[in-house]
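Dear colleague,

Please find the structure below, together with its sequence. My notes on what was found in it follow.

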Amino acid sequence: MATAANASRPPTTPPDLADVRGQSSARNALVTAAAGGHALLLLGPPGCGKTMLAERLHGLLPPMAEAEALVVAIHQSLAGQAIDPLSYRVRPLRRPHHTSTMMALAGGGNPLRPGEISLAHCGVLLLDELPEFARPCLEALREPIESGEIHLARVHGSEVLPARFLLVATMNPCPCGRTLQSTPPCRCSTERIASYRGRLSQPLLDRIDLWVSMRAVDHAHLNAPPAEATATLAPRVWRARALQQARQGGLNAQLALPELLGVSAMSRSAAACWQALGKTHQMSARGMHRLLAVARTLADLEQASSVEDAQLFQAAQWRQVF
Ligand SMILES: [Zn+2]
């Protein structure tokens with residue numbers, strides 16, 4: 001666990017994706033999240049590597065622009081933290097514990113202090129064991145995931161703080177954390193599992209673009225050669241982000257649906273595929289919007305000008321855990 005003092009400063013030798021064996025779908029989702037600014041939820045049994053992967057999202061991101069670094073420095077100053085000139089352009093990585101209070105997470109007080117979500121602005125907010133967070137804290141994530149801001153109630157009116165973070169969260173599949181494949185197997189009742197997963201409201205889940213189900217690592221993968229390293233994958237992420245900035249001045253996760261449709265350039269058959277996937281998986285309008293945003297990012301990672309069926313199918317696979 002990072003302490004409050006060091007939580008905003010990434011380690012000098014960041015953890016590398018080459019350390020994570022197997023889990024190819026989750027690795028691809030991590031790259032996609034970094035490339036398009038998509039919130040990501042990794043669900044899997046203890047020991048499957050979900051926290052290892054979550055810790056490696058930060059290493060895929062490019063340095064901050066000057067204007068971003070300035071806002072981050074202002075937040076750190078408001079929170080009473082020393083500003084380290086050596087990490088001035090390095091994106092923040094915040095990892096609050098699930099026992100964090102609402103004020104610690106969202107901010108507030110007098111004088112006003114930014115919470116963890118504003119301290120994660122332009123960087124990564126890593127929330128381990130997401131369902132263990134208090135319900136009001138979880139619901140407080142909805143507004144900033146959607147708008148990149150948080151409104152804080154004050155004695156006279158409210159104040160707005162920037163909170164455009166990249167969320168990566170982890171959770172177990174059930175309260176005991178085991179799966180049917182493990183020994184001893186999970187004995188959680190259907191009701192207990194439903195109650196545990198139900199701590200994440202549908203409106204919150206709808207705002208998380210990527211839901212990835214991970215299984216225990218196959219032992220065959222432990223002897224496999226190292227997978228692609230962060231240094232190999234990060235340039236792909238940076239290229240895809242630069243492409244989005246040039247095309248629309250922001251990341252795909254931040255686009256409203258009309259703008260997204262405009263830049264997706266779907267053929268008539270791809271648009272029909274998108275509609276059919278929404279119907280098959282009984283997605284809400286918001287779910288379909290998020291599906292298309294992820295598909296656009298997958299196309300950007302391939303430097304493709306239009307969204308095709310393959311990217312839509314992949315994006316739909318990452319929305320089928322719940
Ligand atoms: Zn269980």
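**Salt bridges and the domain interface**

At 11% relative accessibility, D206 counts as buried, where buried means under 20% relative accessible area, exposed over 50% and partly exposed in between (1.4 Å probe, protein chains only). D206 forms a salt bridge with R319, with the closest N and O atoms 3.9 Å apart; a salt bridge is a side-chain nitrogen of Lys or Arg within 4 Å of a carboxyl oxygen of Asp or Glu. This pair links distant parts of the chain, 113 residues apart: D206 lies in helix α9 (residues 202-206) and R319 in the segment after α15 (309-317). Helices (H or I, at least four residues) and strands (E, at least two) are DSSP runs, numbered from the N terminus. R319 is also buried, with a relative accessible area of 7%.

Please note that this is a predicted model, in which local features need pLDDT of at least 70 and side-chain atom pairs count only at pLDDT 80 or more, while totals for chains, interfaces and linings use all residues. Residues are numbered from 1 along each chain as its sequence is written, and side-chain values use heavy atoms, with hydrogens and water left out.

The structure holds 16 salt bridges. One of them joins E116 to R94, with 2.7 Å between the closest N and O atoms. Here too the partners come from distant parts of the chain, 22 residues apart, with E116 in helix α5 (residues 116-119) and R94 in strand β2 (residues 93-94). E116 is buried at a relative accessible area of 14%, and R94 is buried at 1%. Within helix α14 (residues 285-301), D300 and R296 are four residues apart, about one turn of the helix; their side chains meet in a salt bridge of 2.8 Å, N to O. Both D300 and R296 are buried. A network of salt bridges links D19, E55, R56, R95 and D128.

The domain assignment, which is automatic or from a database, gives domain 1 (17-222) and domain 2 (255-317). Their C-alpha centres lie 24 Å apart. Ten residues of domain 1 and eight residues of domain 2 take part in the contact, defined as heavy atoms within 4.5 Å. The two domains bury about 860 Å² between them, 55% of it on carbon and sulfur atoms; buried area is the accessible area (1.4 Å probe) that two parts lose on being put together, summed over both. T32, D206 and D209 supply 50% of the area that domain 1 buries against domain 2. Two salt bridges are found across this interface.

With kind regards
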